[in-house]
Amino acid sequence: SLAHMDDDKIPISSESAVELVSEAMSAAGLDYETETFINFSNDETGEKGEKGKFMTITPQHHHRSTYSACPSYGCPFLPLDVHYEEVAKKELVNIRNLSEGGSSEEVDSDKSRNQNRFILNSSGSENAATLTLIGYKGGRLQDQVNQDRAFVLSPYSFWNIGKSKASQKKKQQPVARLLGVFDGHAKFGEKVSEYVVRTLPPLLGNKLVNYIATDTQSDNRDASAMEARDRNIVKILHDTFVELDASAPAHLSGGCTASLVLQLDSQVYVANAGDSRSFVAVHFNSHAATDKDGGEQEAVTKIVFATREDKPHLGEEQQRVEKMGGSVYLPPGFLATGKGTTRVMYRDPLSGGMSGLAMSRSIGDWEAGKVGVIPDPLVDIMDLKRMKSKVLEELNVACLNGSDAVEIDPATGEAKEIDKEGACLDYTEKDIKVFAFAATDGLLDYLPEDIIAHHVAKGLYGVSGEDDRENGEGSTHLLTSCEDLIYAAAQGWQEDKGGRYRDDIAIAVADLTVPDNE
C-alpha cells in the first residue's frame, strides 16, 4: 500500500518505509523483527499464518523488565497504569506519603523495594514523566485493552545512533528531548500505537543524525540559516510520520493519533496528527506577591501554545476528504451548536460495514486513507529564548505600570506614594520555566487545559517555587501530579457515563530547560 500524501507529494511504498525503519533501528542497535513483529492471533483475524512473536496489552520493553542496556538514544520513560499495575500503585502511594512528610509503606525486602522503585522510575523522574489508565468499553474487566501509548526521552541522545560523527563532536550534541502520546483506535489500534512508540525514536533520530552530519551551517546563527534549519527539521518530522504510517501494522485495521514535542536546544518543534494534543506552557513566581518579609510568592502558569484537534469538519480537512471521494458525517444540529463528533466515513475492512473515524489525520487507518485521512502532521516551531524574552518584557512592563502606586501605613492609615521602579524586582530568564505536556482525549475531554498545566507545574516546580520544592515544603512529585490528573479525568468519565464507558487516558510531561550557555 502507499502512504497517504497530499497531491503535490510523492507517496512511499510500505516496502520502502519498512526498509527505512529497519535501517534506523539497526543503526540504533535494535532488531527490527524482534521489536516490531506484531502478534495477530488466528482468532482475531480469522486467517492462518498471522501469528507473530509478541504484542502484549502491557508491553514489557527490554530495559523495563530487566536491567539490560538502554537503546543507544537513551531509555524512554514509558507509562505504567496508575490503578491496575500494583507495583506502580503502591510506589505512587509511597512517593505521595514521602512528599507530604510521612513515611513509605513497608515492603517485603530491600530487593523488592529496589525492584519496585526501578519499575516506577521507568515511568518518570522529577523532570519528566508519563502515566496511563486503561479504559472501560464494556464487557469483562480482564478483556479490556489499553490502546493509548506514550513515551518521554529526556535526554534524547539521538546523536549516538550509528556511532555517528555527530556523537564525536560535543558542539553538535544539542540539548534534546522528545515526548509524545499515541491514541490507538479501531480493532487493532493498540498494535499500531505500540509500533509507533517502538520505532519513532530511532527513525526520527537516524534522520536527525544524517542531517546534522551534512549540515555545513551548523554554527551559523543568522536568520536565514536558522530558517533553513527549521525547514529541514520540519521535513524530517513530516517524513517520519509518513514512513511510520506506511510501515505500520495496519493492513487489517487500526490506527493511532500522534502528538509529538521535539526540543533541540532552544528550538521546540510540535508535530500533531489526530485529536490528541500537545501544549507548551510557562511558569513563574510572581514578584508582586512577595511581601516585605520575603513571604510566599504566587505561582503563575500560562499555556502559550496548543495544537489543534484535527477534526473532519474543519474547512481544509473536509475539502480534502470530499476531494478524495470521501464524506464527512455531521451530527444533527452540529452546525448550529458545535456539539457532537464529526467523522470521516469509510468501509471497515474486517466487518465490511461503514465506520466513522473521529479525526482527519492519523497514522495507520489505511482504508480511511483512501478517502482523505492523511498522516501528514501540522508542525509548529517555537524559540524558547524569544518566548522567554517576550514573557519577561510583558512581566516587567506590567509591574512598572501596576495600579499599586500607593502604600498604606498601618500605624497612621496615611497613604504615601511608592517608587514603583524600586519596588519592582526585575524578572530574569531564570525566573521563567518552560515545560511541555501531551495528552490523549481521555484526559482532555474532562479536564480544562489550564488546570492540567497548573497541576503539572506544581509537580515540576512545587507550589511556591523551586526553593520550597528542594526543601520538601509543599512539594508534589511529578508522577503523583500526573496520577492526580488521570484520576480526576476518570472521575469525570464516571459521572458522565455512569461507569458504562471510559476512554483510555495517557499523559506525557517534560521540563524544557535550556542551559544558560546555549
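## A tour of the predicted model

Asp265 counts as buried, since its relative accessibility is 15% and buried means under 20%. The model is a predicted one. Select Asp265 to begin: this residue sits in the loop between strand S6 (258-264) and strand S7 (267-273). Its phi is positive, about 55°, although Asp265 is not a glycine.

Now select Asp365, in the loop between strand S13 (363-364) and helix H11 (366-369). Asp365 is not a glycine, yet it has a positive phi of about 50°. Is Asp365 buried or exposed? With a relative accessible area of 4%, Asp365 is buried.

**A cis peptide bond**

Go next to Ser154 and Pro155. The peptide bond that joins them is cis, with omega of about 10°. Pro155 belongs to the loop between strand S3 (148-153) and strand S4 (176-185).

**The largest nonpolar core**

Select Tyr156 and Phe158. In soluble globular proteins, nonpolar side chains tend to be buried together. The largest nonpolar core here has 45 residues, and Tyr156 and Phe158 touch the most other members. At least two residues of this core come from each of helix H1 (14-27), S3, S4, helix H7 (189-214), helix H8 (223-247), S6 and S7. Which of these elements gives the most to the core? H7 does, with 11 residues.

Keep Phe158 selected and show what surrounds it. Leaving aside neighbours within four places in sequence, Phe158 is in contact with Tyr73, Pro174, Ala176, Gly205, Leu208, Val209, Ile212 and Leu264. Another core, of 35 residues, lies apart from this one; Ile119, Ala129, Ala439 and Ile452 are among its residues.

Ring pairs link Tyr73, Tyr156, Phe158 and Trp159 into a cluster.

**A buried glutamate**

Move along to Glu243, in helix H8. Glu243 counts as buried, because its relative accessibility is 8%. Not counting residues up to four places away in sequence, Glu243 touches Ile12, Ala17, Leu20, Leu203 and Lys207.

**Aromatic pairs**

The count of aromatic pairs comes to 10. A pair of aromatic rings is described by the distance of the centres and the angle of the planes. For one example, select Phe284 and Tyr427: the pair is edge-to-face, with 6.0 Å centre to centre and 80° between the planes. Phe284 is in strand S8 (residues 277-286), while Tyr427 is in the loop between helix H13 (420-423) and strand S17 (433-439). The two are 143 residues apart, and the pair links distant parts of the chain. Both Phe284 and Tyr427 are buried.

Look for Leu80, which stands opposite Leu131 in S2.

Strands of a sheet pair through backbone hydrogen bonds, either parallel or antiparallel. Select S10, S11 and S12, which form an open sheet in that order with antiparallel pairing. Strand S10 (327-329) and strand S12 (354-357) are at the edges with a single partner strand each, so one side of each has no neighbour in the sheet. Neighbouring strands of this sheet are turned by 45° against each other on average, direction ignored. S10 is joined to strand S11 (residues 343-347) by 3 bridges. Tyr329 has Arg343 in S11 as its bridge partner.

**Helix H9**

The last stop is helix H9 (residues 315-323), where Glu317, Arg320 and Val321 are buried. Look down the axis of H9: its buried residues fall within an arc of 100°, so they line one face of the helix. These buried residues pack against S10 and S11. On the other side of H9, Gln319 and Lys323 are exposed.

Definitions and conventions:
Residues numbered from 1 in each chain as written. Predicted model: local features only at pLDDT ≥ 70, side-chain atom pairs only at ≥ 80, totals over all residues. Heavy atoms only, no water. Pairing = 2+ DSSP bridges. Helix = DSSP H or I, 4+ residues; strand = E, 2+ residues; numbered from the N terminus. Axes fitted to C-alpha atoms, helices over the stretch in contact; angles between N-to-C directions. Phe/Tyr/Trp six-rings, centres within 6.5 Å; stacked < 30°, edge-to-face > 60°. Buried < 20%, exposed > 50% of the residue type's maximum accessible area, 1.4 Å probe, protein only. Arc of directions from axis to C-beta. Contact = heavy atoms within 4.5 Å. Core = buried A, V, L, I, M, F, W, Y, C linked by side-chain atoms within 4.5 Å.
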